There are 2 protein chains.
Amino acid sequence: MWDMAEELKAMLVFAEHRYYGESLPFGANSFKDSTHLNFLTSEQALADFAKLIKHLKRTVPGAKNQPVIALGGSYGGMLAAWFRMKYPHMVVGALASSAPIWQFEDLVPCGVFMEIVTADFRKSGPNCSESIRRSWDAIRRLTSTGPGLHWLSEALHLCSPLTNSQDVEHLKDWITETWVNLAMVDYPYESNFLQPLPAWPIKVVCQYLKNPNVSDPQLLQNIFQALNVYYNYSGQVKCLNMSETATRSLGSLGWSYQACTEMVMPFCTNGIDDMFEPHSWNLKEFSDDCFKQWGVRPRPSWITTMYGGKNISSHTNIIFSNGDLDPWSGGGVTENVTDTLVAITIPEGAHHLDLRANNAFDPTSVLLARSLEVRYMKQWIKNFYASLRKKR
Amino acid sequence: MWDMAEELKAMLVFAEHRYYGESLPFGANSFKDSTHLNFLTSEQALADFAKLIKHLKRTVPGAKNQPVIALGGSYGGMLAAWFRMKYPHMVVGALASSAPIWQFEDLVPCGVFMEIVTADFRKSGPNCSESIRRSWDAIRRLTSTGPGLHWLSEALHLCSPLTNSQDVEHLKDWITETWVNLAMVDYPYESNFLQPLPAWPIKVVCQYLKNPNVSDPQLLQNIFQALNVYYNYSGQVKCLNMSETATRSLGSLGWSYQACTEMVMPFCTNGIDDMFEPHSWNLKEFSDDCFKQWGVRPRPSWITTMYGGKNISSHTNIIFSNGDLDPWSGGGVTENVTDTLVAITIPEGAHHLDLRANNAFDPTSVLLARSLEVRYMKQWIKNFYASLRKKR
């Protein structure tokens with residue numbers, strides 16, 4: 001964005017989403033109960049952006065008659081796309097990077113996300129995904145005894161030892177989330193988005209996972225080496241802390257509530273097309289968990305009702321960019337919908353790589369994507385001024 | 001609509017707006033306080049329509065893949081237009097009849113509404129608007145004494161006699177509202193929209209208001225005859241009841257709250273371009289009244305922020321129809337915005353005449369309007385099926 005802004009001589013505005021960061025409408029009470037959380041919806045967030053743009057146009061010298069473009073990645077990319085759909089009078093277009101606007105209801109198969117994660121590991125080293133696939137049973141066998149629980153806690157250098165089967169479930173969830181996060185941040189250069197990581201981190205991880213035909217303890221020691229790449233690239237970490245997930249800093253509490261109301265994204269695994277333990281999507285269980293945690297139940301059909309699901313062809317001027325390595329691309333728009341609702345795919349791209357700053361190790365595909373994005377933006381701006389002239 | 005539905009072989013659905021009629025979300029408590037009224041917004045009403053359409057498509061045999069068209073008159077026409085703008089995936093187009101979507105902020109001059117009311121009376125009989133213009137001073141002079149108050153109460157056959165200057169202000173407001181309502185329902189045939197009325201009721205009213213150069217008592221007796229056309233066309237009414245306004249049955253309570261939150265429509269008069277006493281638009285006073293009545297203050301810029309004000313050209317497939325006699329046409333879209341955002345004007349039309357059933361006394365202009373509307377609808381439906389075929 002910074003590079004694009006310079007080229008387009010644009011002002012950059014980074015709007016913080018309500019209930020995230022410092023934008024807490026009720027201060028410390030913002031997450032107290034569902035009454036205080038009632039105002040945490042995507043519609044309200046879009047309305048904030050509308051009011052913000054009006055405010056900026058009124059108050060920033062020279063901004064009044066300038067065209068505005070919405071940009072965002074991930075959920076921010078969904079918001080950018082939805083903002084252009086709902087407020088087309090406010091922005092001339094939107095760049096929605098890695099925006100899984102179709103990861104709802106049955107718009108895409110629920111397994112596609114984890115299949116892409118698996119493919120990333122499969123492609124990043126021989127037997128890599130197979131080693132991970134076998135690790136779940138190894139964990140189950142190892143943790144079936146007290147000494148095994150103890151041994152595994154030591155082998156994985158866990159800060160808190162595993163004590164019961166619930167801990168083991170948590171361990172598997174935590175490891176799963178690690179592989180998912182690695183797929184999202186599999187960037188071609190050293191980076192620090194969720195964690196400080198080496199270039200192509202899955203390749204590094206997979207160097208430890210070349211042999212699936214080893215003993216259970218050996219396999220889990222290899223898994224530890226792999227996890228260590230993600231959690232201890234700095235070499236400073238003394239033990240691995242399962243209660244610290246890498247996405248906490250991104251506001252997982254707010255997202256958990258949103259997932260329990262509007263943002264109901266069905267995920268599933270079958271252990272065949274992916275390297276994970278089979279889990280079907282269970283809306284009832286999900287809803288019960290939401291009710292326990294937040295006192296609310298999700299509305300799984302609302303997002304498609306509100307934002308149109310796959311019927312978006314009447315909108316214009318939205319770029320949907322996706323990296324093929326990114327598991328979120330499975331719920332994204334990866335083919336042109338119309339001439340002005342266009343898809344850009346980046347074969348070597350992970351999660352919103354195109355929105356990151358230029359880097360010497362950028363693959364050609366992301367450079368092409370960025371230059372295409374700027375070209376579309378220039379066209380939107382040109383059309384904006386042309387229609388202004390017509391009005392006069 | 002009934003005639004059009006037959007021609008298009010359509011199902012008609014009349015959705016009741018929340019907080020109106022029987023659609024009370026909190027039953028008898030729905031209007032209790034602003035907490036219970038929080039859910040009365042146009043956005044929530046549009047969301048209701050979206051959910052309703054989804055529900056109907058799921059449950060009505062054969063409805064699933066049928067195109068839907070939104071129709072509405074007045075506020076319902078605004079909702080129809082806004083629904084197409086916000087949910088273009090749900091309706092192939094909208095007919096917004098007499099929809100004053102620009103009667104907000106400074107999009108149109110605040111005096112235009114009352115100027116059209118005045119023009120209707122001016123055109124409907126010699127000296128008619130001039131008689132009304134002079135009536136306000138006559139009322140002021142007559143009611144400056146106790147006996148004058150008494151006389152006027154008798155002369156106007158008021159159910160409750162006027163006792164103080166506050167009553168006199170109320171009387172003038174009530175008479176003003178009567179002239180406004182007559183302008184809205186100035187239909188070419190006997191009708192019963194707000195009240196049972198003769199054909200071209202303003203012409204009938206104006207027969208009593210031919211001479212402005214009479215004594216104050218004579219002028220007010222003439223005004224009584226004129227009011228009597230509106231309030232007593234049946235001949236059954238014993239006295240005129242100022243506390244019964246003709247629009248109560250349309251849900252004036254709900255609208256009053258909406259006007260105090262989103263639907264802030266600036267109105268004003270100057271007594272020169274219109275036949276009323278001069279009143280400037282005073283947002284502060286309006287806001288204070290809202291706070292007294294509902295405990296809320298209006299957001300006068302919200303509707304234009306949300307729905308785009310005059311910047312609506314990126315939307316498609318909306319017909320804006322307006323009658324030139326209708327005061328609400330002043331805030332309506334009366335010129336084409338684009339090829340697919342089209343305006344239809346009906347020179348002899350009052351408030352949403354085009355949506356009324358066919359009548360032998362319909363002027364040609366409304367027949368043309370209706371046939372043009374059906375032609376547009378057929379085109380939208382044709383395009384809908386064409387795009388379906390393209391998808392397959």
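How many helices and strands are there in chain A? In this predicted model, chain A has 14 helices and 6 strands. Its radius of gyration is 22 Å, close to the 21 Å that the globule rule gives for 392 residues, so chain A is as compact as a globular protein of that length. Taken along the principal axes, the box filled by the C-alpha atoms of chain A is roughly 80 × 50 × 40 Å.

Other totals describe how chain A is packed. Of its 392 residues, 52% count as buried. Among the contacts in chain A with a separation of 6 or more, 68% are between residues 24 or more positions apart. The accessible surface of chain A comes to about 18300 Å², and carbon and sulfur atoms account for 53% of that area.

Part of the surface can be followed residue by residue. A:W2, A:L12 and A:F14 make a nonpolar surface patch of about 410 Å². A:W2 belongs to helix α1 of chain A, which covers residues 2–8. The relative accessible area of A:W2 is 63%; because the cut-off for exposed is over 50%, A:W2 counts as exposed.

The next step is the relation between the chains. In general, two copies of a chain are related by a rotation about an axis and a shift along it. Here chain B is superposed on chain A by a rotation of 180° with 0.0 Å of shift along the axis, and the RMSD is 0.1 Å. The two copies are thus related as by a two-fold rotation axis. Within chain B, the residue that comes closest to the rotation axis is B:K86, with its C-alpha at 2.9 Å.

Charged side chains form a further set of contacts, with 22 salt bridges counted over all chains. Several of them involve helix α6 of chain B, which spans residues 128–142. In one, B:R133 pairs with B:E130, and the closest N and O atoms are 2.7 Å apart. These two residues are 3 residues apart in helix α6, so about one helical turn separates B:R133 and B:E130. Both are partly exposed, B:R133 with a relative accessible area of 24% and B:E130 with 25%.

B:R140 counts as partly exposed at 46% relative accessibility, and B:D137 counts as partly exposed at 38%.

Which side chain meets B:R141 in a salt bridge? The partner is B:D216, at 2.8 Å from N to O. This pair links distant parts of the chain, 75 residues apart: B:R141 lies in helix α6 of chain B, whereas B:D216 lies in helix α10, residues 216–231. B:R141 is partly exposed, with a relative accessible area of 41%. B:D216 has a relative accessible area of 18% and is buried, because buried means under 20%.

In chain A, salt bridges that share partners join A:E130, A:R133 and A:R134 into one network.

Definitions and conventions
Residues numbered from 1 in each chain as written. Chains lettered and ligands numbered in written order. Predicted model: local features only at pLDDT ≥ 70, side-chain atom pairs only at ≥ 80, totals over all residues. Heavy atoms only, no water. Patch = residues over 30% accessible without salt bridge, like charges linked within 9 Å, V, L, I, M, F, W, Y side chains within 5 Å. Areas by Shrake-Rupley, 256 points an atom, 1.4 Å probe, with all protein chains shown as cover. Salt bridge = Lys/Arg side-chain N within 4 Å of Asp/Glu carboxyl O. Helix = DSSP H or I, 4+ residues; strand = E, 2+ residues; numbered from the N terminus. Buried < 20%, exposed > 50% of the residue type's maximum accessible area, 1.4 Å probe, protein only. Least-squares fit on C-alpha atoms with pLDDT ≥ 70 in both. Rg over C-alpha atoms; globule rule 2.2 N^0.38 Å. Contact = heavy atoms within 4.5 Å.
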